[in-house]
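Take a walk through this assembly, starting with how its chains meet and ending inside them.

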Amino acid sequence: MTGEVLAFWVLAILLVGSALMVVLTKNLFHAVLWLALALTGTAGVFLLLEAEFLAAVQLLLYAGGIVTIVVFAIVVTEKLVGERLSQVSRRITGGAVVSAALVWLIVSSIMERPLAITRAPMSGDLTQIIGETVLTRFALPFELLAVLMLAGLMSAIYFARPED
Amino acid sequence: MLELVTPLIAPIVVLHVVIGIVTYVTLLERKFAARMQSRIGPYRVGYHGVLQPIADAVKLMMKEDVVPTAADKPVYNLAPIVFLVPCMFIFATLPFAPGLGVADLNIGVLFFLAVSSMEIVGLFMAGWGSNNKYALLSAMRAVNQVISYDLPFVFSALIPVVLAGSLKLSDIAAAQSGLWFIFYPVIGQLAFIAFIVSTVAAENRAPFDILEAESELVAGFRVEYSGMKFALIQLGEYAHILGASFLGALLFLGAWSGPGPEWLGPIWFLIKAMLVFLLVTWVRWSFVRIRVDQILALSWKALLPATLLLLLATAVVVVWRANAGL
Amino acid sequence: MSAPTVTPKRVELDYTGSERLTMNMGPQHPSAHGVFRAVLTLEGETVIDVDSVIGYLHRCHEKLSETLTYAQYPSIASKTDYVAAMTSEFAYVRAAEVIGKFEVPKRAQYLRVITAELQRVASHLLWLGTWCMDMGGALGGGATIFLYCIRERELILDLFESLVGARLLYGFFQVGGVRYDIPSGWADSCRQTVDVIDQRISEYERMLENNPFFMARAQGVGVISRELAESVGISGPLLRGSGVAWDLRRADPYSSYEDFEFKVPVETAGDCFARYRVRMVEFRESLKIVRQALDKLPEGPISSRPGLKSVAQTRVPKGEAYVRVEGARGEVGCYLVADGSAKPYRMKWRGASFSNLAILPHIIPGHKVADIVAIMGSVDPVFGEVDR
Amino acid sequence: MTSDQARALIAERFSGAQIDGTYPITATVSTDQWVAFARFASDELRCRFFSFLTAVDWKDLGLEVVVRVDNLDDNIALLMKTRLGPGVSVCPSIMPVYKGANWMERECYDMFGIHFDGHPDLRRILLTDDWVGHPLLKSYAVDTPHPPYR
């Protein structure tokens with residue numbers, strides 16, 4: 001068992017375990033912390049795949065940004081109202097069925113067209129490639145995303161504006 | 001010779017060196033602040049107080065570890081560690097000299113930013129887990145501040161990246177062998193100022209220390225911590241400051257370049273990092289704290305547009321120079 | 001989601017639907033200035049309501065004074081406002097003198113003026129230091145100013161020490177005069193100290209007013225209108241910061257204050273910065289008075305009733321008076337009812353801090369949490385005087 | 001307006017008042033006229049500055065409430081007094097006229113047990129809520145332990 005495989009299994013257990021905890025724990029705040037762990041684990045997977053750029057972005061945006069905002073929302077609503085919000089959704093059977101179906105779908109599609117275990121060595125700097133393709137080949141989707149973000153930003157400002 | 005530092009030993013060495021420097025940085029700050037305030041500072045423990053950090057550490061270790069009854073225990077106990085780990089990780093990509101470092105990732109700057117943004121999770125855990133309203137208010141302020149100041153910090157740190165044309169920290173350092181980026185006409189100085197301001201804010205140092213704000217929130221998110229847990233939080237905070245100082249020295253002050261033989265490189269780097277640290281300290285001990293709404297206004301209305309424009313201008317200059325063949 | 005459980009008690013701003021948090025600030029809080037407790041109702045960072053709780057330092061001064069003679073109480077009086085101990089003694093002995101029509105020798109009057117003005121400078125120095133510390137933090141720029149100010153205050157305390165022998169609570173005043181004459185060389189060291197402080201004050205002024213962060217924190221914060229100021233009865237620098245030219249040394253002169261030239265600073269803005277400005281000018285005016293008093297200091301006895309043989313020897317005839325002096329924090333008043341015996345029948349302290357502090361519930365709502373400490377610091381309460 | 005004019009005006013409006021002195025003018029009015037007199041002092045004498053409110057326990061003669069207000073522009077000082085009478089400890093509140101009376105009346109209630117009618121929040125202010133008795137009354141002995149003396 002090489003170090004890479006070992007790391008993969010550790011990360012896999014961490015990811016799956018923390019993801020399960022996100023949906024199973026009752027305490028909403030704990031769920032978010034488990035989510036942070038899961039997202040960090042994802043970054044670890046990216047790192048393992050030598051996609052450092054993606055790993056860093058994953059940390060910066062998801063673990064650092066999204067989690068923060070979610071936590072903020074919980075703290076503001078829960079502690080200030082003075083009442084504990086707990087996750088009461090107990091539809092485990094339904095959830096299990098849906099997720100099993102999803103797993104089956106993914107696994108079967110992977111099985112249908114088996115991917116190579118070893119991947120081709122990366123040619124050149126991944127970060128640079130991402131940067132270049134985003135600004136050349138994928139310029140239009142990139143710009144559209146920017147417009148989307150702008151729309152989101154504007155709507156956020158609209159909602160947060162003080163009442164006149 | 002430098003290649004002999006194997007990947008296994010390097011992290012351990014760096015960790016210990018960093019912790020050692022961090023403890024002594026506190027002494028440096030206390031002495032510096034004391035001089036600013038016409039006092040002497042720590043003096044009794046050892047010659048001119050040189051053993052003071054060790055005495056402090058021992059004292060903190062001996063202290064009773066008080067855990068509030070109503071605290072969310074796992075979260076409360078884990079918070080200092082979650083806070084400390086990212087702060088220590090930022091040293092992972094720092095090259096202390098050409099080839100001397102743990103891992104010189106080709107996304108060095110981005111890694112630094114990503115890891116330091118993780119610190120907020122630990123901070124939040126502390127604020128929430130303490131089950132204290134001061135801590136909670138502090139955690140709420142933390143979110144406001146971190147969201148607001150991450151962007152200017154990223155933008156100002158990206159200016160040297162654009163100038164050097166690489167995210168890799170060692171490349172950025174090498175690119176400054178001729179001209180340190182702080183001496184780059186206009187852009188360099190403005191970017192450095194923006195970097196220092198957002199560093200101070202991102203590290204929650206006065207005048208932006210609204211998280212700690214001991215005159216309003218007593219000690220903010222760490223109000224319930226004592227003993228070793230408090231020491232860990234403190235260690236994390238100073239490690240972050242130190243990391244940011246090193247980053248500043250690397251991005252703007254030419255990292256290890258300096259007169260003398262090559263082996264003096266790390267020493268130069270350390271001196272430059274200390275200069276950045278003292279600059280931050282100087283700011284800290286001479287300003288009054290500003291209010292949370294003023295802090296946000298400063299970021300969103302001034303710093304963010306300014307750094308964004310500066311980044312654009314830098315890109316334009318770089319492209320123009322490349323086209324002109326300079 | 002349930003309705004907010006906390007309902008504000010007194011001040012109701014427009015409810016915007018945000019959630020509210022009740023937070024207890026004090027009495028053991030770094031900026032409680034002693035033992036002030038405020039129960040805050042917050043909406044995010046904004047204060048909606050404040051309920052002030054005082055009394056943690058109550059030591060029954062008024063009841064105590066009914067059991068102590070006119071010779072004994074002055075040194076206890078200094079324990080009301082312990083930061084400006086001279087002024088509290090001053091108010092009490094003057095009340096007894098006014099009722100008993102005791103004469104006070106000119107030299108004693110001048111010595112009283114000198115000590116009272118030095119005390120004002122010392123008290124304002126402590127105010128400037130602690131106020132900046134409130135705004136800047138003990139681990140930041142505020143502590144720097146605080147240490148500078150304490151350094152200067154120390155010089156004045158040294159002067160008091162060589163005059164009285166004590167550094168904080170003096171017992172310098174007695175009915176009919178003062179207890180000690182100045183030792184030789186004191187006047188010279190006093191002049192030197194005054195010069196040093198005069199110069200340093202300008203230094204602090206430049207340091208603070210060139211600091212945009214300080215200005216942002218002080219300007220437009222905690223505005224007190226003139227109507228509110230008078231109705232609540234705040235006095236001293238707070239009242240003058242709200243545009244009222246009212247200084248008891250000028251309006252109701254006592255102890256030869258009419259002999260000295262000084263100006264009464266007035267600012268109209270009514271915010272923290274206005275109060276700061278008023279105090280900064282007062283520093284200089286006080287130093288000016290000290291210089292004039294030292295120059296004109298007449299020779300003669302220092303007390304009309306020297307050589308007391310027993311504590312009950314001073315008897316004040318039947319009568320009553322309300323006597324006020326301009327303390328560092330404002331009007332320090334003593335309402336004394338004498339029944340002809342050696343002890344007062346009733347004594348009421350009108351503590352300047354008590355009345356000044358009563359303004360807080362009127363001005364704090366609507367400000368941010370961080371502003372509470374700035375406003376609190378600019379009010380400059382001393383809890384010995386609030387709780388008495 | 002001078003102090004003498006103010007004196008004359010008081011004598012004209014409140015014929016029952018005993019007036020004494022010029023600086024300060026000491027005016028004793030009956031308890032019924034208390035609030036009206038305070039309003040008169042504030043609105044017509046322009047004594048807007050509220051200095052203090054307290055009480056004196058005259059043993060058998062009952063309690064006396066004392067208020068000092070000033071006119072800062074014309075430098076008129078007014079000491080308003082009212083006798084509550086033996087055994088009476090109820091007085092109308094002047095809080096609607098002077099905001100500063102809030103804490104002072106609470107203190108007066110705390111120390112003398114005077115109930116100020118119309119005060120919105122009459123609680124003890126300096127002593128603890130569970131304190132028994134009102135210490136500044138002459139009947140409150142000095143050197144005996146009182147509950148909740150701990």
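The model is predicted.

Begin with the chains. There are 4 pairs of chains in contact, and among these chains C and D share the most contacts. On one side stand 42 residues of chain C, and on the other 41 residues of chain D. Together the two chains bury about 3500 Å². Carbon and sulfur atoms supply 57% of that area. Charge pairs cross this interface too: there are 7 salt bridges between chain C and chain D. One joins Glu107(D) to Lys348(C). The closest N and O atoms of Glu107(D) and Lys348(C) lie 3.5 Å apart. A salt bridge here requires a nitrogen of Lys or Arg within 4 Å of a carboxyl oxygen of Asp or Glu.

Now turn to chains B and C. Here the contact involves 29 residues from chain B and 39 residues from chain C. About 2800 Å² is buried between chain B and chain C. Of this area, 61% falls on carbon and sulfur atoms. The salt-bridge count between chain B and chain C is 1. Asp371(C) and Arg291(B) form a salt bridge through their side chains, with N to O at 2.9 Å.

Which chains do not touch chain D? Chain A is one of them, and chain B is another. The nearest C-alpha atoms of chain A and chain D are 27 Å apart. For chain B and chain D, the nearest C-alpha atoms are 24 Å apart.

Next, look inside chain C. Angles over 145 degrees count as roughly antiparallel. By class, the contact of H4(C) with H5(C) draws on 17 nonpolar, 7 polar and 2 charged residues.

H4(C) also packs against helix H3 of chain C, residues 85-100. The angle between H3(C) and H4(C) is about 145°, and the axes are 8 Å apart. H3(C) crosses H4(C) in a left-handed sense. From H3(C) come Ala85(C), Met86(C), Thr87(C), Phe90(C), Val93(C), Arg94(C) and Glu97(C). They meet Arg112(C), Thr115(C), Ala116(C) and Gln119(C) of H4(C). Sorted by class, the contact of H3(C) with H4(C) has 5 nonpolar, 3 polar and 3 charged residues.

Helix H1 of chain B covers residues 9-36, and helix H9 of chain B covers residues 265-284. How do their axes cross? The axes of H1(B) and H9(B) come within 10 Å and cross at roughly 45°. That angle makes H1(B) oblique to H9(B). The crossing of H1(B) past H9(B) is right-handed. On the H1(B) side, the contact includes Ile21(B), Val25(B), Leu28(B) and Phe32(B). On the H9(B) side, Leu270(B), Met274(B), Phe277(B) and Leu278(B) are among the residues they meet. By class, the contact of H1(B) with H9(B) has 10 nonpolar, 1 polar and 2 charged residues.

Finish with salt bridges as a whole. Over all chains, the count comes to 51 salt bridges. One of these lies within chain B, where the side chains of Lys229(B) and Asp65(B) meet at 3.0 Å, N to O. This pair links distant parts of the chain, 164 residues apart. Lys229(B) belongs to helix H8 of chain B, residues 227-252. Asp65(B) lies in the loop between helix H2 (52-62) and helix H3 (73-89) of chain B.

Methods. Residues numbered from 1 in each chain as written. Chains lettered and ligands numbered in written order. Predicted model: local features only at pLDDT ≥ 70, side-chain atom pairs only at ≥ 80, totals over all residues. Heavy atoms only, no water. Nonpolar A, V, L, I, M, F, W, Y, C, P; charged D, E, K, R; others polar. Contact = heavy atoms within 4.5 Å. Buried area = accessible area lost by both parts, 1.4 Å probe. Axes fitted to C-alpha atoms, helices over the stretch in contact; angles between N-to-C directions. Helix = DSSP H or I, 4+ residues; strand = E, 2+ residues; numbered from the N terminus. Left-handed = near helix turned anticlockwise from the far one by under 90°. Parallel < 35°, antiparallel > 145°, perpendicular 65-115°, else oblique.
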